[in-house]
Protein chains: 2
Amino acid sequence: MTRSSRFVVAAHVLTLLARSGGALTSEYIAGSVNTNPVVIRRILAALARAGLVVTQEGAGGGGRLAKPAAEITLRAVYEAVEPDSLFALHPRDPNPLCPVGGGIQVALEPTLRAAETALLDSLADTSVADLLGRLGAESS
Amino acid sequence: MTRSSRFVVAAHVLTLLARSGGALTSEYIAGSVNTNPVVIRRILAALARAGLVVTQEGAGGGGRLAKPAAEITLRAVYEAVEPDSLFALHPRDPNPLCPVGGGIQVALEPTLRAAETALLDSLADTSVADLLGRLGAESS
DNA sequence: GGTACTGTAACTCATCTTGTTACAGAGGGC
DNA sequence: GCCCTCTGTAACAAGATGAGTTACAGTACC
């Protein structure tokens, strides 16, 4: 799979916002992430839809956290920017006349769901505040 | 991300092989998966490299399980066909002069590793024999 | 009104996946 | 030995997606 870097970039953005304590412009954030401001605005838009940040247009605007950094888990960040399921099923439906082809997707479903849940539960153990703490511990 | 369906197809292939008890040709398998035989051969090649199946060239050849279906976990299948890490880091390295940009990847690393481990551990709970059992319970 | 922002469309480029054709080589049956 | 049936793999096309970029409409503060 062509993995996207949106999740890692989103965590980066939120950590920046947590550290600043206020609002930052997409251009400033883009300078730290080393990308284009539009890329940041797209990420911020997804995070805003999920209620993790608040953005404001116009002069003096930008994005800021919508709640305390300790209350923003990486699970919420992941779900905000990677809405699709982790596993892709067959590109063309398998042969329904084959006993295996006709039932394999249903047979796999509970396992795939459990694996994705395990991933999300693990991500829920880390918050944006935790990330900020790890940064502070290394380079104050 | 363009999510790949290799994992689901590989599970399908192995379930077919487990059910047959012997060797199947890529053309036969392709009929159940509803794809091209070359796609199946690519999957079988990855599974063979991981020691999950044995393939044989020539007339009467094909692929068969290299060990009992109960000993093939979906974790091993996933690792065989999806060798890349689940999370992509920044496409361009973040700005090292920024306190956040310079350390965010290191700060994220333990969380990403734990999440990927949680996923793999969950997949280890299901074997190819389990899949075959789920199929049998629905359509005998 | 002017300036500083976001929101978003539109386009390009690169990469990945899948499907496909083609062909070399292996191996069993005659 | 000679077929015929297979795998292994290269090569290419088509489609999808991600990321980067430019452009511009709209909003909000001064």
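Helices here are DSSP runs of H or I with at least four residues, strands are E runs of at least two, and both are numbered from the N terminus. Keep in mind that this is a predicted model, where local features need pLDDT of at least 70, side-chain atom pairs count only at pLDDT 80 or more, and totals for chains, interfaces and linings use all residues. Residues are numbered from 1 along each chain as its sequence is written, while chains are lettered from A and ligands numbered from 1 in the order in which they are written.

Let's look at the loops. A:Asn34 sits in the loop between helix 2 and helix 3 of chain A, and B:Asn34 is in the loop between helix 2 (26-33) and helix 3 of chain B. Neither is a glycine, yet A:Asn34 has a positive phi and so does B:Asn34.

| Residue | Phi | Exposure |

A residue counts as near a strand if its C-beta atom, placed from the backbone, lies within 6 Å of it. Of the 32 residues around DNA strand C, A:Thr55, B:Ser5, B:Val38, B:Gly58 and B:Ala59 come nearest. Two or more residues each come from helix 2 (26-33) and helix 3 (37-49) of chain A, and from helix 3 (37-49) of chain B. Helix 3 of chain A gives the largest share, seven residues.
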